[in-house]
Amino acid sequence: MDASTLVDYAKSLDCIHCGLCLQTCPTFRLTGAEASSPRGRIHLMRAVAEARLEPNADFAEEMEFCLLCRHCESVCPAGVQFGAMMEHTRGHIAEAVPRSALARVLRWLGFRAVLPHRLALRAFGSLLRLGQVTGGLRLAARFLGPRGRGLSDLPAVPPLSARRLLPARTPAAGAPRGQALLLEGCVMPELFARVNRATVRSLARLGFDVRVPAGLTCCGSLHAHNGDLAGARVLARRMLEACEPFGDAPMVVNSAGCGAHMKELHHLFEAGDPWRARAERFAQRVRDYSEVVAPLLEEHPPLALPAGTVPLPATWDDPCHLCHGQGVRAEPRRVLARLGGLALVPLEQSESCCGSAGIYSLLRPEDSRAVFELRRAAFEASGARTLITANPGCQLQWESGLRRAHSDARVVHLAELVDRALGQG
């Protein structure tokens, strides 16, 4: 293949080799290897584009080793778009280094047969729960090697009655502010339906007429991060068609990874493609939950969490794709500051990756666990008994990791606390 299509060479030239990214990179911190840092990976990409390096299995492995946390982007003085470069290379790498037949089948099942389809997700969730209840999943994990341990780490899948989908419309319960759309998502209804319900209730109490666009399941972020750019474009078009009839109503997202992807949806389309202009308009409407709620709570009468809502003290952990991908840092803290009765302690290096990285924790569980252990040590040092997050992948990672460590600490989503406080009011 033409190496120039494998690498976004123009973006690679932005790197000035300063090295400020090195200590922010979880894989560099694990290995100490230059090739496993953002600077090192950019050097590899540039070498491939300049035909000084063959895009072989070792090159592919290094590209897949990256968690795509984008922490490097936050400290880069040259504004290198590392996330976009990685998505581009992962999207073309199979042309240079073909995947095994089994890998191709599994990717098709996950990205094309399950994630985009609500019924398939429902069935998969029920199958996982059956495996957990009967012990079959733990037994199967023994024969699947390290990836099997990733599956066995998953927290308990709730029963179907607790995984009920959101209504198409939830009318405003407070002074009306107009419509707001909510992305129900692919993973959230199966593992964290309670978070979705808390999100809707709190938005309605704050005056929004909440709509859930029909036919919208997966946003495509997992596809884009893992090299299925064609699948991501299909889902992007589906999202635009589902959301455009609602005019300028904000699209509220309670998953940081999804929100970061949706705010950059236009990057999936070439300049001049009509879909790109539509995606740019849509991106202006995407808001993280905290961006919507923070200013409203500051206008709201004082709130107080019911006693015993969560074990205290609590701490806030910044999801990578919220702080690095979206640049949203102050808003969650503004929300937490409005919740009376919530004793907070700081978490050291709260913007460092927890190791979840979408499906990275399933594809590379050993690496994911190693990254998580650094974060768990920081959490224990903080003295906190509850960790607050705003991303389902992070919530899964923290719940699984703390359970492995036999910790009784709680993990909650920001929306769950806001919902409890507003309900108490």
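Predicted model: local features only at pLDDT ≥ 70, side-chain atom pairs only at ≥ 80, totals over all residues.
How many nonpolar, polar and charged residues does the lining of the second largest pocket have? By class, its lining has eight nonpolar, eight polar and nine charged residues. The second largest pocket holds about 600 Å³ of space. Its lining is made of 25 residues, and those closest to the centre are Lys-11, Ala-84, His-88, His-267 and Leu-268. Four helices each supply at least two residues of this lining: H7 (82-96), H14 (221-225), H15 (229-243) and H16 (256-263). Helix H7 gives the largest share, with five residues.

Rolling a probe the size of a water molecule over the atoms shows where empty space is left. In this model the count comes to three cavities of 30 Å³ or more. The largest cavity has a volume of about 140 Å³. Among the 17 residues of its lining, Cys-15, Cys-21, Ile-42, Cys-76 and Val-80 are the closest to its centre. Helix H4 (38-49) and helix H6 (71-75) are the elements that give two or more residues to this lining. Sorted by class, the lining of the largest cavity consists of 13 nonpolar, two polar and two charged residues.

The second largest cavity has a volume of about 100 Å³. It is lined by 14 residues, and the ones closest to its centre are Cys-25, Pro-26, Pro-38, Cys-66 and Cys-69. Two or more lining residues come from each of helix H3 (26-31), H4 and H6. Nine of the lining residues of the second largest cavity are nonpolar, three are polar and two are charged. Helix H4 can also be followed beyond the cavities. In the loop between H4 and helix H5 (57-65) lies Ala-51, which has a positive phi of about 60 degrees although it is not a glycine.

The strands come next. Strands of a sheet pair through backbone hydrogen bonds, either parallel or antiparallel. Five strands of this model form an open sheet in the order S1-S3-S2-S4-S5, and the pairing is mixed. At the edges stand strand S1 (169-170) and strand S5 (286-288), each of which pairs on one side only.

What can be said of the individual pairs in this sheet? Strand S2 (residues 178-182) and strand S3 (residues 208-211) pair in the parallel sense over four bridges, and Leu-181 has Arg-211 as its bridge partner in S3. Strand S2 is also paired in the parallel sense with strand S4 (residues 251-253), over two bridges; here Leu-182 stands opposite Val-252 in S4. Strand S4 in turn is joined to S5 by three bridges, and these two strands run parallel. Val-252 has a bridge partner in S5 as well, namely Arg-287.

Helix H13 lies across S1, S2, S3 and S4 and runs at about 150 degrees to S3. Two packed helices are described by the angle between their axes and the distance between the axes. Helix H13 (residues 193-205) packs with helix H18 (residues 289-299) at an angle of about 35 degrees, and their axes are 11 Å apart. The crossing of H13 and H18 is left-handed. On the side of H13 the contact is made by Thr-199, Ser-202 and Leu-203, and on the side of H18 by Tyr-289, Val-292 and Val-293. By class, this contact has four nonpolar, two polar and no charged residues.

Three bridges connect S7 with strand S9 (residues 386-389) in the parallel sense, and Ala-314 finds its bridge partner in Thr-386 of S9.

Leu-312 and Pro-313 are joined by a cis peptide bond, with omega about 5 degrees. Pro-313 is found in the loop between strand S6 (303-304) and strand S7 (314-316).

How values were computed. Residues numbered from 1 in each chain as written. Heavy atoms only, no water. Axes fitted to C-alpha atoms, helices over the stretch in contact; angles between N-to-C directions. Left-handed = near helix turned anticlockwise from the far one by under 90°. Contact = heavy atoms within 4.5 Å. Nonpolar A, V, L, I, M, F, W, Y, C, P; charged D, E, K, R; others polar. 1 Å grid on protein atoms, 1.4 Å probe; cavity = no way out; pocket = protein on both sides within 12 Å on 5 of 7 lines; lining within 4 Å. Points joined across faces, edges and corners; volume = space filled by probe spheres on them. Pairing = 2+ DSSP bridges.
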